[in-house]
Amino acid sequence: VSRALELAEQAVAAAQGDEADVSVHVESSGFARYAASAVHQPTLISDETVTLRVVRDGRVGCATTNRTDDEGLAAAARHAAEAADSSPVDPSFAGLQEPAPVPEVGGYDAATAALTPEDQAEAAAEAIAAVPDFGLYGYYTSGVTEMAVASTTGLAVSQSMTDVSVLALAASGDASGYAEATSWRASDLDPAAVAREAAEKAARTRGAGQIEPQTFRAVLEPYAISELLFYFAFTSLNSLALLEGRSYLSGRLGEKLFDESFTLRDDGLDPETYPKAFDLEGVPKQPVLIVEQGVARDVVWDRRTAKQAGEGRVSTGHALAPPGQAFGPIPFNLSMSGGSAASVDELAEVVGDGIYVTRLHYLGVVDPREGIITGMTRDGTFRIEGGKVTTPVVNLRFTTSFPALAAGLLGLTEERTLVNRSDFYDERYPFGTLVPAVATDSFTVVGTGSGPGL
Amino acid sequence: VQDLAGHALDAAVAAGAGYADARVVTRRAQHVATKNGEVDSVSDSETEGIGVRVLVDGAWGFAGDPRLSAEGACDAALRAVAFARASASRARTRVELAPIPPAAGDYAAIGRRDPVEVPLEEKIALCLRAEEGMRRPEVKITEANVRAMREERVFRSSEGASVTQRFVECGAGIDALAVSDDGRVQNRSYPSAHGGSSAQTGWEFVEGLGLDREAPRVGEEAAALLSAPACPSGVTTIVVDAEQMVLQVHESVGHPTELDRVYGTEAAYAGTSFLKPGDLGALRYGSEHMNITADPTTSLGLGTFGWDDEGSPARRQPVVEGGVLTGYLASRETSALIGRELGGSMRADSWSRMPLVRMTNLHLEPGAGSLEDLLADVDDGLYLSTNKSWSIDDKRLNFQFGTQVAWEIKKGKLGRMLRDPTYMGVTPEFWGRLDAIAGPDEWTMFGLTNCGKGQPGQHAHVSHGTSPARFRDVQVGVRS
């Protein structure tokens, strides 16, 4: 029995209610964050978080604690009971998950779990040493996360996950390039190679020129399309947003909205992502076909939204922990199908004349209903001229429609990259998107910014 | 608790740390959210732990441990030292800290009614009542939320600092989402978007927000936006309300004046700054009307404290005076780098994170007159209210912000409501177009709890006081 499941079952036993479920998160992680080629924010975290939900006479209350001794769990049980007793009956509550077999998934690597702070510092040093001509900024991080859900229904599931990421911004005053890599196996990553990719990109960004804002044909590297996709997903591929009419897909399921080359799934069982066996209500993960050859098919669901929708809907296993369920379910294992292009250079040939985008910065959803997202490009933006990636350009302000971008796909690489999407706020929960590089005929630039570099 | 911090410091120094500090944090927080007349969530959370930060041979190390025991404290210290030592052997430069007198004393937030002790039934009832007032046929979703937090933070350092601080926060907000029959969506919020506004004080702050009073207006405006014309594109005069000015100050003044960003330590994530160390006292940031002050002594501010998370005392510091950059937000490390005593802005969001340079309370100082006076001097323009979307580049120059609503200004008077307004600019050019700020009577402070920075990420709680402000010749109505 894992530590997380042991704690979950202790907390269920401590609960004061007709019914209760508990999700537990146990984290041990290290973060060797570097800037100007020196580690400056090295952070080691160990923590255990217990979220307890009780049902008392149809009233629901939650409490969370990291005090995991008997006294702490008893206090959490008391707080949850008080929360429930203070609330009216919750007619939207969908009940607790019954025990059900959860799939066997990967996602845990003993060698990654065994990495020490010295190993993390060494990996950071390898990345730094690989880039003598630029300052290196970013991090090497690895961690072990144990999740467990248990309940009075007899549910008892647990999973251990490892994750490791290296992020590299190679930069000087007038140049900057970016690369990153992530996996649940540290042996998949070569920190020095990631740093060199960033440095090679940076060296090409000197002397960036201006460009006239317009809607461009564009190539987006996996780092860029991943971020746009996730922002779109957060606001539109969420069944709560769908039901409330806030999603781009509200009223549009079944319609052909995107190019035929756009197929999108969420699949927690896919070992190429960060595999997950169950969600934070203990519901087994179900693969969801979200877009099939351009046709919008579905979004992801939790128990609450499935009940709200009715008509036989069931949870697809995408719930957050109870207090976070107000956001609705989230697709943490998105994967876009690849295409036939052998490289980004081949995508540039398809584009002909346009722009090449490595990475984006500080996205904001301007209009979630229409899927319009704004942000800046950075650390590797170039012109594409005559089918070749040519000269660097300054950072570009884009305000673009994700649906138009996906409807205008011109090509996708066959190779796909898992891109980390966690910024490591609060409890560690590894997730990312598995995406190809894409070419599109619709990427709208509305302004220009400063040049690359620090 | 003081002893636990002492154990950690002793262990760190014995293991070779040249400097060490320890923070022991205990926090209890509550959040109540209601939606469409039902309780959406009621949660009550506790977290506690110790964070130990060390310098070994001039390199940082940090470790957090949830166990408030001598064993937990010593483990955190030894792990921090080991991590620092592993980095120190490869470091090319040594971290130096600007000297400060060892902090000593207590700080406690002032408030009449402990918000955590306010019964949950009362919190739920307040939310449901406020929601009721927003209901309209077009308003499909009404939401209300309240939050309450109590935190004790003990800080000790190997230099002899020893302080205990007790913080209390609470806040609330309401939102109405209107959806038209053909699927268009618009929203309005009060007192602020993104969860409302918070303050460091007792429950009387939430009661004083007047959610009931404002709810009917919020619902009516959300409904009216469905049939409002779109904000046109063009270059015009804008008057920005105090709530959106909070975002403007935060993103285009607060973050770029964080000295760690100026030195590049956030380059890979949050970004850097267009400012350089040598700009201090020389760079023209905006027009002569622009005065910005960092003030961790402001009553009710979420960034108010006795000492920051490395023991520097709270003090009021100008950041922009008469449009000229005169200050930075800084740490002891960055103060040493720039050679000026600017520290006092180091904050961590929990026991498990290293302190970073963060905003405290950053205010736009008021000008003169009323909002009506600002409008009166606009022949043709827009009045923009309540943040909806935001994005700014990695140097904090090029921004595009959207608000929930705009009203035309025609010959000094407010006219038609407009939907989906956006405006964009480049930071010093935009602030250079500032030609008036409303006076102290219009000055309002908002508290935000969602300021992100750092890797691993941290959420800072910060406050900004602003008045409505007027800017000439601004690009509005950006379209995709």
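**View 1. A salt bridge between Arg53(A) and Asp21(A).** In this predicted model, the side chains of Arg53(A) and Asp21(A) form a salt bridge with N and O 2.7 Å apart. A salt bridge here is a side-chain nitrogen of Lys or Arg within 4 Å of a carboxyl oxygen of Asp or Glu. Because Arg53(A) lies in strand β2 of chain A and Asp21(A) in strand β1 (residues 19-35) of chain A, the pair ties together parts that are 32 residues apart in sequence. Helices (H or I, at least four residues) and strands (E, at least two) are DSSP runs, numbered from the N terminus. Over all chains the rule gives 64 salt bridges.

Residues are numbered from 1 along each chain as its sequence is written, and chains are lettered from A and ligands numbered from 1 in the order in which they are written. Local features need pLDDT of at least 70 and side-chain atom pairs count only at pLDDT 80 or more, while totals for chains, interfaces and linings use all residues; side-chain values use heavy atoms, with hydrogens and water left out.

**View 2. The interface of chain A and chain B.** In chain A, 82 residues are in contact (heavy atoms within 4.5 Å) with 77 residues of chain B. The area buried between the two chains is about 6600 Å², and carbon and sulfur atoms give 51% of that area. Leu44(A), Tyr362(A) and Tyr425(A) lose the most area in chain A to chain B, together 11% of what that side buries. Buried area is the accessible area (1.4 Å probe) that two parts lose on being put together, summed over both.

**View 3. Salt bridges between chain A and chain B.** The count between these chains is 5 salt bridges. One of them joins Arg378(A) to Asp394(B), with the closest N and O atoms 3.7 Å apart. Strand β2 (residues 38-56) of chain A gives the largest share of the side of chain A that touches chain B, 9 residues. That side divides into 35 nonpolar, 31 polar and 16 charged residues. Ala, Val, Leu, Ile, Met, Phe, Trp, Tyr, Cys and Pro count as nonpolar, Asp, Glu, Lys and Arg as charged, and the others, Gly among them, as polar.

**View 4. The largest cavity.** About 200 Å³ of space lies in this cavity. Of its 19 lining residues, Val60(A), Asp90(A), Arg304(A), Asp40(B) and Ser41(B) are the closest to its centre. Strand β2(B) supplies the largest share of the lining, 4 residues. The lining has 9 nonpolar, 4 polar and 6 charged residues. On a 1 Å grid over the protein atoms alone, a cavity is a set of points where a 1.4 Å probe fits but cannot get out, and lining residues have an atom within 4 Å of a point. Grid points are joined across faces, edges and corners, and a volume is the space filled by probe spheres set on the points.

**View 5. Two cis peptide bonds in chain B.** The peptide bond from Tyr190(B) to Pro191(B) is cis, with omega near -5 degrees. Pro191(B) is in the loop between β7 (185-190) and β8 (197-199) of chain B. Gln455(B) and Pro456(B) are also joined by a cis peptide bond, with omega about 0 degrees. The loop between β21 (444-453) and β22 (458-466) of chain B holds Pro456(B).

Methods: 1 Å grid on protein atoms, 1.4 Å probe; cavity = no way out; pocket = protein on both sides within 12 Å on 5 of 7 lines; lining within 4 Å.
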